[in-house]
Structure formats: C-alpha cells, structure tokens
Amino acid sequence: MRQMIDGLTADHRALEACWQHLRGVLERIAAGECVPLLADEVEVLAACHERHMEREERDLLPMAARLLSDEDLARLDHAMRGRR
C-alpha cells in the first residue's frame, strides 16, 4: 500500500510540474507573446494524466472502498475531481 501511495504522490508532483510549465507557456500566449506550444509537451502531460487516473481507478479506489467510510470516500472523490 505504501508503495502505491508513494507512486501516486510522485505522479502528482510530476503532473504539477508539467502543468506549471505548460500553464506558463499558455499564459504567455494569452498575453500576446509569440512562444511555441510544443505538441509533444501537451501529449506527455495528457498521457501521464491518463495513466495516473487509470492507476487511481484500478488500484486506489477499490482499496479505498473497502477501507473508508462513505463520507471519507466522498471527500476523496471531491479531491480527485478538483485535481482533474
């Protein structure tokens, strides 16, 4: 379980770093700057996010459903939706 949580936490950090980079590029574009938005960077973020969501749904959620109360599950669901 610890390994799964550590892996998901590492995913969150990597996704946040990728998003912050792309957000900066998008903000510069929105401000009228001519900066490249690399499709590869967008695709990497999307693919990493998709793999992460699959891991959460496949590994974390079934375990959480067995261990947590309905109230705790609702909070977890809310937190996950907020990140997506």
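**Salt bridges, patch and fold**

Reply: Let's start with a pair: R28 forms a salt bridge with E33, and their closest N and O atoms are 3.0 Å apart. A salt bridge here is a side-chain nitrogen of Lys or Arg within 4 Å of a carboxyl oxygen of Asp or Glu. Keep in mind that this is a predicted model, where local features need pLDDT of at least 70, side-chain atom pairs count only at pLDDT 80 or more, and totals for chains, interfaces and linings use all residues. Residues are numbered from 1 along each chain as its sequence is written, and side-chain values use heavy atoms, with hydrogens and water left out.

Me: Why would such side chains pair at all?
Reply: Side chains of opposite charge can pair when their charged atoms come close.

Me: OK, and how accessible are R28 and E33?
Reply: R28 is partly exposed at 40% relative accessibility, and E33 is partly exposed at 37%. The classes are buried under 20% relative accessible area, exposed over 50%, and partly exposed in between (1.4 Å probe, protein chains only).

Me: How many salt bridges does the count come to?
Reply: Six salt bridges by this rule. One of them joins the side chains of R2 and D6, at 3.5 Å from N to O. R2 and D6 sit four residues apart in helix α1, so about one helical turn separates them. R2 is exposed at 57% relative accessibility, while D6 is partly exposed at 42%.

Me: What about R75 and E71?
Reply: Their side chains meet in a salt bridge too, at 2.9 Å from N to O. Both residues lie in helix α3 (residues 70–83), four residues apart, which is about one turn of the helix. R75 is partly exposed, with a relative accessible area of 47%, and E71 is exposed at 55%.

Me: Switching topic: which residues form the nonpolar patch on the surface?
Reply: W19, L26, I29, L37 and V42, with about 390 Å² of accessible area together. Patches take residues with over 30% relative accessible area and no salt bridge, joining like charges within 9 Å and nonpolar side chains (Val, Leu, Ile, Met, Phe, Trp, Tyr) within 5 Å. Areas come from the Shrake-Rupley method with a 1.4 Å probe, and for residues only the protein chains shown count as cover.

Me: Which helix gives the most to it?
Reply: Helix α1 (residues 2–30), with three residues. W19 has its place in helix α1 and is partly exposed, at 35% relative accessible area.

Me: And H52, buried or exposed?
Reply: H52 is buried, with a relative accessible area of 4%. H52 lies in helix α2 (residues 39–67). Leaving aside residues up to four places away in sequence, H52 touches L8, D11, H12 and L15; contact means heavy atoms within 4.5 Å.

Me: Now zoom out. What's the overall pattern along the sequence?
Reply: The pattern is α-α-α, with three helices and zero strands in total. Helices (H or I, at least four residues) and strands (E, at least two) are DSSP runs, numbered from the N terminus.

Me: How many of the residues count as buried?
Reply: Of the 84 residues, 18% count as buried. The accessible surface comes to about 6300 Å², and 57% of that belongs to carbon and sulfur atoms.

Me: What box do the C-alpha atoms fill?
Reply: Roughly 50 × 25 × 15 Å, taken along the principal axes.
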